[in-house]
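Subject: Structure handover

Hello,

The structure is below, with the sequence. My notes on the ligand site and on one helix pair follow it.

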Amino acid sequence: MIKNPQTDNDAFKSELAGTDTTDRQNISEKNQQLEHAKADATDQALRTNQGVKIADDQNSLKADVRGPTLLEDFILREKITHFDHERIPERVVHARGSAAHGYFQSYKNHAELTKAGFLQDPNKQTPVFTRFSTVQGPRGSADTVRDTRGFSVKFYTDEGNYDLVGNNMPIFFIQDAIKFPDVVHAVKPEPHNEIPTGQSAHDTFWDFVSLTPETAHHVTWQMSDRAIPRNLRSMQGFGIHTFRFINAEGKGRFVKFHWKPLQGVVSLVWDEAQKLAGKDPDFHRRDLWESIEAGLYPEWELGVQIIAEEDEHQFDFDILDPTKLIPEELVPVTPLGKMVLNRNPENFFAETEQVAFCPAHIVPGIDFSNDPLLQGRLFSYTDTQLTRLGGPNFHEIPINRPVCPFHNHQRDGLHRETINKGRASYNPNSIDNNWPRETPPAAAQGGFESYQERVDGHKIRQRSPSFADHFSQARMFYQSLSQAEQAHVVAGYSFELGKVERVWIRERTVNEILANIDLELAGKVAMNLGVEPPTKGTVDVPQFNLQPSPALSQMNLLPTDIKARKIAVLVSNGVNADTVETILNWAIEEMAVVKLVGPSPAPVKTNKGDMLKVDAAMDGMPSIMFDAMVMVDGDDVSAMQQNGEGLHYLLETYKHLKPLVLLGEYAKLLQQLHLKPDEGTLTGNDFAKLQDQLKQGLLKHRVWAREPLAKMVPA
Ligand code: HEM
């Protein structure tokens with residue numbers, strides 16, 4: 001019997017550790033025992049919430065077996081009442097999320113930059129809880145929709161919780177928090193029919209953004225590959241706003257936060273994203289979960305761009321404007337430390353759903369800037385959580401509780417858990433000897449002190465003139481992309497605007513937004529929509545012709561290994577057992593994930609007569625779930641050659657620009673299906689001779705040269 005050490009994760013892990021896994025049955029039983037041991041109620045009697053042991057949980061209390069149910073049945077009423085209230089309101093935005101536990105470790109002592117404790121000791125691991133999310137869709141919506149992704153990290157530091165609540169794009173739609181309800185109302189499903197779910201491709205979104213030029217930069221990112229990440233492990237994260245670091249001497253510097261995935265940055269192609277939304281709506285959630293279960297822990301490097309206070313006004317834009325980024329070529333990212341996500345939540349609701357992030361949760365050594373979007377956020381999160389989490393005591397929910405002790409004079413309220421002792425719930429007091437007391441801000445003692453910034457000016461409602469240029473950076477972003485990425489932006493705009501029913505909204509977007517970003521972009525989108533291509537822009541504020549920033553192109557952020565990349569290995573009866581074994585051993589060495597995919601979920605018979613267990617049938621694990629595929633030949637290739645689903649598998653892999661290996665007779669399928677051979681179509685009899693080329697293909701992620709041929713994007 002051929003072993004597939006990756007069939008279940010624990011088996012894979014033991015294989016990695018060199019353990020013999022011949023007895024699958026035992027492993028599966030051990031897994032079950034482990035699951036049971038994890039449950040917190042093993043050996044416990046079933047009781048009511050008041051602690052009374054329950055004798056019968058199958059029948060309600062009735063007047064005779066066929067009589068009416070009695071109101072006095074407190075066991076029934078308690079159970080149903082609790083069930084009736086199991087749902088809480090979901091988040092207004094970012095409702096769909098997936099999270100994991102892990103740790104952050106500083107590379108060195110950064111005391112020169114900040115007094116924040118978690119950035120001092122390189123030997124210390126600070127626990128973190130990280131939640132990724134989409135913005136638009138509800139809690140049950142699909143993962144792979146075109147959307148900005150939330151990237152929130154809660155650091156449980158010894159000085160209190162620090163929340164870095166960012167996104168996977170370095171800029172935001174709007175400049176002032178007062179516009180947030182507008183942009184969210186515009187992008188959410190339309191109010192009359194609640195369509196579409198999880199998408200910005202509809203009239204109200206494009207109506208708003210075409211009337212609000214400050215959104216131009218973020219919308220261009222939203223139309224790019226960044227809005228359809230391959231998985232959550234391959235996303236960059238950004239704090240977006242300018243923040244401040246303050247060191248023990250009180251010296252402040254402006255900083256912008258960056259998370260760089262050590263897995264590289266890669267995306268889906270649009271056709272894949274759309275199909276995945278139906279075939280596996282949990283695609284991103286599942287990938288994160290399975291990677292962590294398999295011990296393939298995703299990692300990100302945290303870094304900052306540092307701007308000296310005296311350089312605040314040295315840029316072509318205002319560093320307080322959240323629709324602008326600072327090109328890394330101008331201010332490089334200084335690495336601070338690494339985050340590793342290595343533990344899945346035990347309970348989705350208790351942790352992922354109840355976690356409450358807030359940009360106002362900062363610790364000594366970090367402070368805000370006057371970015372007007374950030375200033376509004378500081379109020380909004382706790383305010384919304386009061387409703388979502390049912391009162392003012394949600395900081396006591398385990399996932400939100402700081403790991404350091406916390407005492408104050410706040411009391412009571414809905415769902416209070418702490419039983420406060422003592423008489424004095426005020427300060428100053430003499431009854432409890434004035435405890436709990438304030439802590440002076442001196443570094444050694446750690447009281448929080450706001451950065452002392454001089455502020456004077458008129459009380460006004462006005463946008464700073466330094467926020468007026470909305471197009472130069474959108475143009476810079478577009479022009480920094482590779483040809484393939486630019487084509488995707490054109491396709492993104494064309495698809496979305498094609499869903500907009502009102503022609504004037506399409507025209508306004510082309511003429512008043514796109515024409516100001518880049519005339520070529522505007523022209524291509526106009527052609528695709530049948531709109532007159534514009535010949536000039538309409539903008540009247542000074543524009544900058546910024547240098548392209550190579551750091552913005554995903555082509556420059558590709559992975560450096562194939563750890564956790566996914567390969568479909570297609571097998572059918574008569575399959576060559578030795579080849580399968582060679583592939584599996586290679587994958588283990590590379591820490592890539594292989595799934596054996598068959599014509600049906602039933603095991604297949606190898607050329608040696610052994611039964612080989614498959615992970616799924618082709619329709620259960622379609623090609624869109626993988627980064628590459630291998631078709632393994634054997635004694636009988638006719639089954640796959642004449643199998644419509646098998647041929648579709650190959651066609652789709654090709655169409656989605658993935659590397660593929662066709663062994664033996666299967667090489668003929670290229671000709672049969674009229675597929676032009678290229679650097680990503682590998683054929684031969686010996687997998688070992690092709691494995692390095694397959695690896696190179698996976699590192700490049702896609703065969704971009706194939707794209708025009710596969711007609712994946714409009715011209
Ligand atoms: C740079 C701009 C912004 C970024 C990066 C951002 C990011 C996020 C993220 C990542 C979440 C999900 C947190 C989680 O995982 O639980 C979130 C939730 C939320 N955001 Fe923002 N947001 C931004 C702007 C704003 C603004 C301007 C407002 C309002 C003034 C706002 C209000 C909210 C609300 C109400 C929630 C739901 C919070 C909850 O129920 O826990 N956001 N945001």
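Sorted by class, the shell around the ligand holds ten nonpolar, nine polar and four charged residues. Please keep in mind that this is a predicted model.

In total, 23 residues surround the ligand, and the closest of them are R91, R131, Y381, Q385 and R388.

- R91: 2.8 Å from an N or O atom of its side chain to an oxygen atom of the ligand.
- Q385: 2.9 Å, again between a side-chain N or O atom and a ligand oxygen.
- R388: 2.8 Å, for the corresponding pair of a side-chain N or O atom and a ligand oxygen.

Two or more residues of the shell come from each of β3 (149–157), β4 (160–167) and α10 (372–388). The largest share is that of α10, which supplies seven residues.

The other item is a helix pair. Helix α15 (residues 577–590) packs against helix α19 (residues 687–700) at an angle of about 35°, and their axes are 10 Å apart. The crossing of these two helices is right-handed. On the α15 side, the contact is made by T579, T582, I583, W586 and E590; α19 contributes F687, A688, Q691, L694 and K695. By class, the residues in this contact are five nonpolar, three polar and two charged.

Regards

Key
Residues are numbered from 1 along each chain as its sequence is written. This is a predicted model: local features need pLDDT of at least 70, side-chain atom pairs count only at pLDDT 80 or more; totals for chains, interfaces and linings use all residues. Side-chain values use heavy atoms; hydrogens and water are left out. Axes are lines fitted to C-alpha atoms, for helices over the stretch in contact, and angles run from 0 to 180 degrees between N-to-C directions. Helices (H or I, at least four residues) and strands (E, at least two) are DSSP runs, numbered from the N terminus. A crossing is left-handed if the near helix is turned anticlockwise from the far one by less than a right angle, and right-handed if clockwise. Contact means heavy atoms within 4.5 Å. Ala, Val, Leu, Ile, Met, Phe, Trp, Tyr, Cys and Pro count as nonpolar, Asp, Glu, Lys and Arg as charged, and the others, Gly among them, as polar. A residue is near a molecule or strand if one of its heavy atoms lies within 4 Å of it. A polar contact is a pair of N or O atoms within 3.5 Å; within protein, one must be able to donate a hydrogen and the other to accept it, and residues adjacent in sequence count only if both atoms are side-chain atoms.
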